[in-house]
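Reader: I would like to learn how to read aromatic rings in a structure. Please start with charges and then move to ring pairs.

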Amino acid sequence: TWHLKKIPQIVRERTFSLDSPKFEAKTKLELNSVCGIECQRKLPVPSLSDLKDLLSYETVFENGTRTLTEVNVLGAVFDPAGNTTTQRSLRKKRQIYGTDSRFSIYDKRFMTNFPFNTAVKVSTGCSGILVSPKHVLTAAHCLHNGKDYVKGSKRLRVGLMKTKSRGNGRKRKEASDGMPSFQWTRVKSTHIPKGWFKGVSGDIALDYDYAVLELKRPHKRKYMELGISPTIKMMPGSIIHFSGFDNDRSGQLVYRFCSISDESNDLFYQYCDAEPGSTGSGIYLRLKEPNKKKWKRKIIAVYSGHQWVDINGEQQDYNVAVRITPLKYAQICFWIHGNDESCTQG
């Protein structure tokens, strides 16, 4: 069951103008060195002043201008356990784990219907997911390498899947190769948490690897709602799902599901088969609504990508996702709605 939680408040305090970015960084779909499970265990629980700093955010607008918004955090609950994880056995270095368990979605009836039609393509080479009629959730490193915004993010576009049509407008069947076509929409503004800029070369890089894109024009399709990320024990079979546009299956929508192997307060470590290009996909669960018989899918994490991490002094690989904690839910919800009144329960 989805358990309702009281959400902390993210309150805007001050907004400053910043110099325009250079937009010269190279797009990197796979990060090299991050704080792994061992490192996460040693991280202190952030203080309130830390949280205010980490959850402040940059906004880049379509014309290249940039602002920094400082925030206050009200009603945050601190977890005294810190970044605890469960000790697990080591795995060998590989990117597709055993048999490739990904599914390419060819049938247009599935591809252009919920939940698969919530997956979008970001013009910098990543994936994302629709979270409102005008917003897309994706990974921060698809847009920024920690020092500068990537090339192409100044004229950022989002591709929504559509059914191909003839010149006279009549719909026809998708090509037999299952290639989706896209309706491209310009991005009006981009929000990235300050925690991402502070952490890329330090210890907490991946914890804030998420961003929200505001589209220039609203879409009319069904989108995926946000949910608070439960712990592994609270998931049926600890199974997660996500769809994206993996580079090795060019133009295809690729769906997968798998179980989570380990977790920290902010990250899921798992062995879902995935390749670059699916980075930024929304990871979701299907759980029952409280006091109802109805089941509902919600996004509970953002797929950050394939990572090499240190565990017990050895290099180990995982596919890592950033969990939507109550604080991150409050921030993303605030970006979508522009106020915290719509974000009191998650």
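Author: A charge sits over a ring if NZ of Lys or CZ of Arg is within 6 Å of the ring centre and within 35 degrees of the ring normal. In this predicted model, Lys-328 lies over the face of Tyr-208, 5.1 Å from the ring centre. Likewise, the charged end of Lys-222 sits over the ring of Phe-114, at 4.2 Å from its centre.

Reader: What should I know about the numbering and the values?

Author: Residues are numbered from 1 along each chain as its sequence is written, and side-chain values use heavy atoms, without hydrogens and water. In this predicted model, local features need pLDDT of at least 70, side-chain atom pairs count only at pLDDT 80 or more, and totals for chains, interfaces and linings use all residues.

Reader: How many aromatic pairs are there?

Author: Rings of Phe, Tyr and Trp (its six-membered ring) pair if their centres lie within 6.5 Å; planes under 30 degrees apart count as stacked, over 60 as edge-to-face and the rest as tilted. The count here is 9 aromatic pairs. The pair of Phe-182 and Trp-184 is tilted, because the ring centres are 5.7 Å apart and the planes stand at 50°.

Reader: Is Phe-182 buried or exposed?

Author: Buried means under 20% relative accessible area, exposed over 50%, partly exposed in between (1.4 Å probe, protein chains only). Phe-182 has 17%, so this residue is buried. Trp-184, at 31%, is partly exposed.

Reader: Which aromatic pair do Phe-182 and Phe-245 form?

Author: Their pair is edge-to-face, with 5.3 Å centre to centre and 70° between the planes. Phe-245 is buried at 2% relative accessibility.
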